[in-house]
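Welcome! Here is a short briefing on how the parts of this structure meet. Please take a look at the picture first, then read on.

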Amino acid sequence: MATTTQLSLSGLTVSFDGVTVLHGIDLAIGKGEALGLVGESGSGKSVTWLAALGLLPGKARVSGSARLDGIELVGARPETLDKVRGGRVAMIFQDPTSALNPVLKVGTQIGEALSLHRGLSGGAIKAEAKRLFDLVGIPDAERRLSAYPHEFSGGQNQRVMIAMALAGEPDILVADEPTTALDVTIQAQILDLINAVRREMGMALVLISHDLGVIAETCDRVAVMYAGRIVEEAPAAQLFAAPRHPYAQGLLHSLPPLGGARRKLVSIPGVVPDPRSLPKGCAFAPRCTEMSDACLAATPALRSIEMGRRLACVLEPQSASQRQFEAA
Amino acid sequence: MSAALLTAKDLSRTYGSRRGLFGVITKVRAVNRVSFSIAAGETLGIVGESGSGKSTMGRMALGLEPPDEGEVRFIGQPIPASGTPAWRTQRARMQMIYQDPLGALDRRLPVTAQVQEPLDIHQLGDSANRPQRAQEMLARVGLSVEQMGRYPHELSGGQRQRVVLARALMTRPDFLVCDEPVSALDVSIQAQVVNLLVELQAEFGLAMLFISHDLRVVRQVSNRVAVMYLGDFVEEGDADDLFAEPLHPYTRALVSAAPVTQRMPGHQRLVLKGEPPNPANRPGGCSFHPRCPFAVERCRAETPALVSVDQGSGRRVACHLIEPSASTLRKAA
């Protein structure tokens, strides 16, 4: 990969009340790259970024390291983090309507971000806010700046959130399920918008989603998480064409097809384990159709299997890809 | 065509909505003269975005909400008024599954007791056998004996939805309305519940009205699919055909907006401009025309009727641009 690393996580671990929910995440994101994080609820995909940005509640114990261009973020002083959050790294969330302040005009809320991160004031704020609204495709920007969040639809509020996130001209945008609460035709609009501003501003994107399709259409590289660990990481095209980890394979096969013959869905049996009582060895072993004794002996480490691909599974990569071939 | 189990004719439902404290009440037409029929053992899927009237239609099909106009008939008879003894008796034969199983279950009762309740309410079978029948049904939907004694909060989301399904099936209904039954579940669990639904439907010969915004899930369980936009059916047809070759511009946009993991080379996505319109302020003519990339003058003036475009497949489309003849079953643009 030719891009230079902008943010790197290494051994990032999080525990709440003595229960470890994130078990040492190693992940790097390059300049201008789009990285997708998939996994089911409780897999740790959101916690990873909340921990890296110091957004978890005080009772969370965070260890390991998250470095942004050499600056350590884990355990950093609030002043350092305040400059990073919103400035270097911006985050948008699933529910835009509850992320906005309902009693302030959206123009005021964007203005706050502009004065905080860009040091703008007075007329410059107004002009820049209007430019951002135009950029994210809110029609009649001038007048809409003095509207309140409840006067916007869900899709428009997400556009407002994106405009606010862009206010600090961030290097990295972390989008946590940005379209999950939106209708499918609006989701397509927002994904197009995120892609367009990313290209325009040369910004890196971390897209957190449970929706494999959304990730496939937006990201260059994908990491699949399960029970607080990354189990597979690969370039997006490779992951969706030939997933190697049995969990990643199961996820892809559980998705009902939109065309072709109807078949019974290949579901993953069982449920996601409780982080308080994770199974011994590989956390996926009890649900895995390929389980062997080796899976129970130790947690498989995430190791590099080829250029740009990492896998945490005791199965030989060849046999895994063969299996995929036979199943197809 | 087998005889229809449930027929809905010209169903309409209008709500009053007031803007502000002293605002004038405006009429919001949630469902607009919709007709359909479902045969025994058949599944009709309803897709559409929020506010398109899917859920209102599901509630009217069960008689939970009276239609303002039109009529629902179940096995040839009109559905009795909601709350009457006759309606209660009939409800044993038609059941509903909602999105949130935790909200649909009683948190203070172990699940076996809840699954047994429909038998007690409708006085079905010998009371001594009822607990056993409840356990058999729970085992059928995949709960272990140990899980049967638990309370809803001690089960996972997928297990709770299994309990809700078991409870709905206790009275051996002919007809099931499922309103977004798997939307709250994770992908791997969603596949388990979808598979279970398909199995149970075949096993119990259930007719279903399956409401969801997820095209993939709807296609997986449905024989026929209807697409709703602002309270209207804009297209209806065989599930596989409809998704393989959507005709109405809105259906085409929906299908093309559905994210896929492998994009065919050269595929162009049809991304709609604009927001879904407010049902309180319906555009005139075809209600989709402000967002339609192919709209012509006629679309602004005249409301298209849902007409059959292909007798063989039973495809119906409400669009001025689609010619109603089998030979021109081609996209208008």
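Buried area is the accessible area, taken with a 1.4 Å probe, that two parts lose on being put together, summed over both. In this predicted model, domain 1 and domain 2 of chain B bury about 1400 Å² between them, with 68% of it on carbon and sulfur atoms. Between chain A and chain B, the buried area is about 3500 Å².

**Inside chain B**
- Domain 1 of chain B covers 1-93 + 173-258, while domain 2 covers 106-172.
- Their C-alpha centres lie 26 Å apart, and the contact takes 17 residues from domain 1 and 13 residues from domain 2.
- On the domain 1 side, B:Pro173, B:Leu196 and B:Phe204 lose the most area to domain 2, together 36% of what that side buries.
- There are 2 salt bridges between these two domains; B:Arg140 forms a salt bridge with B:Glu203, with the closest N and O atoms 2.8 Å apart.
- Helix α8 (residues 187-204) of chain B provides the largest share of the domain 1 side that touches domain 2, with 9 residues.
- That side of domain 1 divides into 12 nonpolar, 1 polar and 4 charged residues.

**Between chain A and chain B**
- Each chain brings 41 residues to the contact, and A:Glu217, A:Leu258 and A:Arg262 supply 23% of the area that chain A buries against chain B, more than any other three residues.
- The chains share 2 salt bridges; A:Arg262 forms a salt bridge with B:Asp240, the closest N and O atoms being 3.0 Å apart.
- From chain A, α8(A) gives the most to the side touching chain B, with 7 residues.

Note on methods:
Residues are numbered from 1 along each chain as its sequence is written. Chains are lettered from A and ligands numbered from 1 in the order in which they are written. This is a predicted model: local features need pLDDT of at least 70, side-chain atom pairs count only at pLDDT 80 or more; totals for chains, interfaces and linings use all residues. Side-chain values use heavy atoms; hydrogens and water are left out. Contact means heavy atoms within 4.5 Å. A salt bridge is a side-chain nitrogen of Lys or Arg within 4 Å of a carboxyl oxygen of Asp or Glu. Helices (H or I, at least four residues) and strands (E, at least two) are DSSP runs, numbered from the N terminus. Domain bounds come from an automatic or database domain assignment. Ala, Val, Leu, Ile, Met, Phe, Trp, Tyr, Cys and Pro count as nonpolar, Asp, Glu, Lys and Arg as charged, and the others, Gly among them, as polar.
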